[in-house]
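Colleague: I have not looked at this model before. Can you take me through it?
Modeller: Here it is.

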Amino acid sequence: MRSLRLEPRTEGAQGAAVAASVIAVFATLIAGAVLFSLVGRSLSAVLYSFFLQPFASWNGIGEILLKAGPLLLIAQGLAVGYRAQVWNIGAEGQLIVGAIAASVLAIGFDGAASPLLLPAMMLAGGFAGAAWAGIAALLRTRFNANEILTTFMLSSIALQLLYYLVSGPLRDPMGMNFPQSILFGDAALFGPLIAGTRANTSLLIGLAAAIIAWAFMERSIQGFRLVVGGLSPGAARYAGFSEARSVWIGLLVGGACAGLAGVGEVAGPLGMLQRNLSPGYGFAAIMVAFLGGLHPIGIVFAALLMALIYVGGDFALVSAGLPNATVTIFQGLLLIFYLASSILISYRVVIGARSVEVSA
Amino acid sequence: MMLLKRLVLTAGLLAGLATAGPALAQPAKIGFIYPGPVGDTGWAFELDTGRKAVEEKFGDKVTTVVAENIPEGPDAARVMNQMAADGARMIMLGSFGYMNDGLKLARQYPDSAFIHASGYKLADNFGTFLSRNYETSYAAGLAAGYLTRSKVLGIVASYPIPEVIGMINGYTLGAQKTNPDVTVKVVWLNSWFDPNKSQEGARSLVAQNADIIFSLYQDTPEVVALSEELGIYSISTSSDMKAYAPKKYLAGLKVDWRPHFIDQVQKMLDGTFKGEAYWGGYKDGAIELTSLTPDLTPEQRKVVEDAITAMKAGTFHPMTGPITAQDGSVKIAAGETMADADLLAVNWLVKGVETKIPN
Amino acid sequence: MTATLIFILGGMLSAATPMLFAAMGEVVAERAGVLNLSVEGMMATGAATAFMAATLSGSHLVGFLAAGLAAAALSFIFAALVLGFVANQVAAGLAVGILGLGVSALIGKPFEGTTIAPLAKLDLFGLSLLPVIGPIVFGRDVMVYLGVAFVLAIAAVLGRTKLGLIIRAVGEAPGAARDIGYPVLRIRLACILFGGFMAGLGGAYLSIAYTALWAEGLVAGRGWIAVALVVFGTWMPLRIALGAYVFGAISLMELSLQSLGVQVPSQLLSASPYLITIVVLAAISRDATRIRLNRPLALGQAYRNDG
């Protein structure tokens with residue numbers, strides 16, 4: 001293996017980033033094909049219901065958009081931190097806290113018809129999510145506590161807080177003791193995006209976040225700070241940017257986006273606060289952020305792809321009888337292949353002499 | 001968009017999956033959604049037994065589609081929407097938490113029929129089904145009262161919803177009938193399914209002297225298996241679980257959805273379906289006390305069987321006063337029976353139950 | 001009251017064992033500088049594999065070994081990503097963890113909701129008949145004691161042997177370790193595989209000893225608690241073990257308080273392990289000297305031989 005080696009790239013490689021994604025998708029499809037034949041399903045039937053059937057109806061398209069919304073929004077927020085090497089893995093908890101804050105308003109002002117209710121809920125949710133992530137920022141900047149660990153643990157605490165609130169203070173008094181809140185009034189809900197589907201206007205927040213993130217990254221000095229702070233803390237400090245500011249910005253933005261995504265759920269498809277608030281959006285969004293190469297535009301595509309896997313998985317479950325575990329396996333494989341092939345982004349494969357060896 | 005659609009349809013044809021428009025000759029598609037995996041026993045298993053009975057009874061007039069292990073969250077709606085969009089003429093929603101999404105869908109598809117487990121909201125094309133498990137609970141309580149040595153009965157329970165509270169009350173009243181000093185302790189798991197915690201809950205009850213454990217709406221048999229290992233009696237919900245405790249098993253509170261499902265499917269096929277609140281009890285053949293332990297004396301056994309016979313005949317109601325609540329207030333006066341409407345919304349435990357309803 | 005005390009103290013030994021095994025594996029990997037967040041998925045795969053293997057072979061030993069190997073195979077994928085492909089450790093851990101959860105559900109499907117005879121309890125010389133102490137400490141199954149043995153062995157290896165020194169060097173300063181001739185990647189690979197094997201054993205304990213049943217979702221967050229435990233125990237095996245027992249006792253106390261009729265929000269107790277861990281983390285990280293003593297400085301950082 002002396003002739004094949006890797007060299008670190010010195011400049012960015014857009015082409016390689018795209019190539020990595022394409023390789024990952026194809027490798028996942030091949031692995032998926034093997035998997036489907038193992039569980040005894042016809043490949044064409046599964047691939048049809050997984051990847052094409054969702055596009056055959058407005059309902060399917062609406063479902064993909066509905067699912068992509070929170071993934072897109074959260075992943076954009078997380079990527080801001082990730083680009084600065086701030087590893088927030090607690091978006092799930094920030095989403096929950098955001099949803100709780102918005103629900104408190106929706107429940108407290110039940111019956112209100114004011115058009116200000118929904119904006120107020122968004123504000124409350126965004127702030128609450130940011131505040132929850134802010135705890136981790138404080139712990140990191142004041143106590144030097146690793147944010148990977150604190151954000152994760154804050155997530156578990158948020159989940160218990162949710163369980164407590166829906167089985168007590170925020171429970172629907174007429175709801176037969178079942179742990180869920182009242183159904184929100186119309187003023188507390190996002191309007192439909194495509195009539196007849198569940199996709200709602202909260203998706204626009206995610207798209208706006210993508211545009212803002214892109215503009216910041218490409219044009220503004222603040223984005224430059226985070227990029228610099230991420231790639232080389234030394235250089236960042238030399239340029240006068242403090243690490244603490246990167247940590248605060250990375251976590252607060254990530255938390256606010258996750259909190260807003262939580263509002264999108266309770267004021268969207270759920271229409272109430274309940275125990276099963278998120279099917280792991282906070283964790284799936286981490287995958288989306290990486291799959292999108294931590295790039296605002298890449299994340300848009302990654303979010304849609306991930307949403308397609310979820311929705312296609314449910315279609316395949318209903319139409320082709322595919323066990324729902326295969327969806328989970330699919331997601332894992334896709335990210336694994338992406339991570340493996342993204343070595344192409346940071347390194348160049350060189351065929352020739354010289355020494356550096358990639359050993360395992 | 002058109003191009004994309006055509007592409008998709010072509011691909012569908014290639015895959016040999018294209019479905020023709022709904023024609024009358026085609027079998028009626030019926031969707032079933034379960035909150036947990038089907039397995040060999042428990043809640044989803046009994047619902048699936050109902051589905052199989054429907055398939056057997058109606059043959060090629062129906063086809064069924066199953067989605068198991070669908071959490072009561074935002075994704076459940078997609079699965080049921082997909083079933084409806086796929087042309088399902090009837091959908092069985094197997095968990096309480098599917099209620100609001102199911103109702104929304106029922107409004108969108110006024111020509112499809114929906115039946116929903118254990119809910120309390122109805123519409124013209126949206127019915128509910130529930131079983132009167134408080135009746136079998138009462139019968140099991142009679143037997144438990146005879147068999148307990150410690151006079152402490154333990155219950156591992158899911159959520160404090162009215163159905164569960166009614167079962168705890170029925171069980172306690174039955175046990176007090178045959179053993180007035182009995183007390184009942186409850187561990188709330190706030191889950192339909194948490195095998196580790198339910199076992200730990202059972203062990204904590206045993207540590208507090210309970211010698212009979214009632215596994216109330218835990219969908220897996222781990223509490224029954226554990227009780228066998230510890231050498232104490234157990235009672236299971238939904239399914240008979242004697243296979244998991246061949247030596248010491250008090251009884252199973254079995255439900256049988258087959259008659260109701262067949263009836264509803266028949267009405268759907270006839271075009272006479274109308275959302276109704278079905279509450280099946282002994283009278284309807286919807287519930288049964290199975291594998292009652294042989295450790296009862298013939299006299300004791302007769303007491304249990306007589307109560308069951310009376311419930312079947314409708315001459316005896318377990319919730320007959322005087323019934324006193326935990327706080328000492330008399331809820332049902334002597335000679336009166338609890339109305340169905342009150343029982344469906346019961347939010348108090350009877351005296352003798354030591355644990356409170358959380359919050 | 002005594003019975004409840006025995007239940008909590010004795011029960012915690014068993015309740016803590018799955019987390020203990022997984023955390024012992026994770027601490028070795030983390031000491032070598034690798035943060036593997038796939039513990040939950042590895043435990044799930046171990047649990048399903050153990051149940052399948054033990055059911056089909058009729059032997060618990062086969063079940064445990066199969067579980068360890070299956071989870072180690074998963075951890076090999078993780079190792080290939082972070083060592084071979086220099087991938088981000090957080091992302092790689094999540095990816096492999098999700099794969100593991102999916103795999104467990106798929107292979108466990110035919111056994112859903114079925115039970116198995118639990119691992120036999122040991123009763124040496126009737127010691128479990130001793131009052132109070134007997135039922136707490138004795139009469140447990142062999143894995144409970146094996147877990148304790150692992151804790152002592154790993155503490156000794158990490159703290160007092162050359163091997164432990166090398167592992168720690170690799171986790172603190174991989175560049176320097178390579179310069180003095182240690183095969184950094186191979187050592188990390190071995191530590192990751194060991195971590196996988198141990199997570200598999202922890203999962204197996206759940207499905208064929210503790211609960212003696214397979215059902216999807218059986219692990220229910222214990223893998224994540226194991227990750228938290230490593231931090232709680234400040235990367236020291238003995239403290240991690242202490243933490244595992246405390247967390248185990250808390251989870252049982254929640255149930256006992258309920259059945260005793262004490263009104264405490266159970267969610268507060270469920271959240272307390274995480275609250276305590278955050279406080280501990282803040283306290284230890286604040287002190288720069290103590291953190292240098294314990295926390296592997298290169299934890300979570302990608303490393304390449306040319307770096």
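Colleague: How many salt bridges are there between chain C and chain B?
Modeller: The count is three salt bridges, a salt bridge being a side-chain nitrogen of Lys or Arg within 4 Å of a carboxyl oxygen of Asp or Glu. In one pair, B:Glu229 and C:Lys121, the closest N and O atoms are 3.5 Å apart. This is a predicted model: local features need pLDDT of at least 70, side-chain atom pairs count only at pLDDT 80 or more, and totals for chains, interfaces and linings use all residues. Residues are numbered from 1 along each chain as its sequence is written, chains are lettered from A and ligands numbered from 1 in the order in which they are written, and side-chain values use heavy atoms, with hydrogens and water left out.

Colleague: How much area is buried between chain C and chain B?
Modeller: About 2400 Å², with 51% from carbon and sulfur atoms. Buried area is the accessible area (1.4 Å probe) that two parts lose on being put together, summed over both. C:Leu255, C:Gln258 and C:Ser259 supply 23% of what chain C buries against chain B, more than any other three residues.

Colleague: And what is the area for chain C and chain A?
Modeller: About 4000 Å², 80% of it on carbon and sulfur atoms.

Colleague: Which helix gives the largest share of the side of chain C that touches chain A?
Modeller: H4(C), with 13 residues; helices here are DSSP runs (H or I, at least four residues), numbered from the N terminus. By class, that side of chain C has 33 nonpolar, eight polar and five charged residues. Ala, Val, Leu, Ile, Met, Phe, Trp, Tyr, Cys and Pro count as nonpolar, Asp, Glu, Lys and Arg as charged, and the others, Gly among them, as polar.

Colleague: Changing topic: is helix H11 of chain A mostly covered or uncovered?
Modeller: Mostly covered. Ten of the eleven residues in 281–291 are buried, where buried means under 20% relative accessible area (1.4 Å probe, protein chains only). Among them are A:Tyr281, A:Met287 and A:Phe290.

Colleague: What comes after H11(A)?
Modeller: A:Gly293 follows, with a positive phi near 65 degrees.

Colleague: Last one: which residues does A:Met121 touch?
Modeller: Not counting residues up to four places away in sequence, A:Met121 touches A:Ala102, A:Leu105, A:Ala106, A:Phe184, A:Ala188, A:Val263 and A:Ala267, where contact means heavy atoms within 4.5 Å.

Terms used
Helices (H or I, at least four residues) and strands (E, at least two) are DSSP runs, numbered from the N terminus. Buried means under 20% relative accessible area, exposed over 50%, partly exposed in between (1.4 Å probe, protein chains only).
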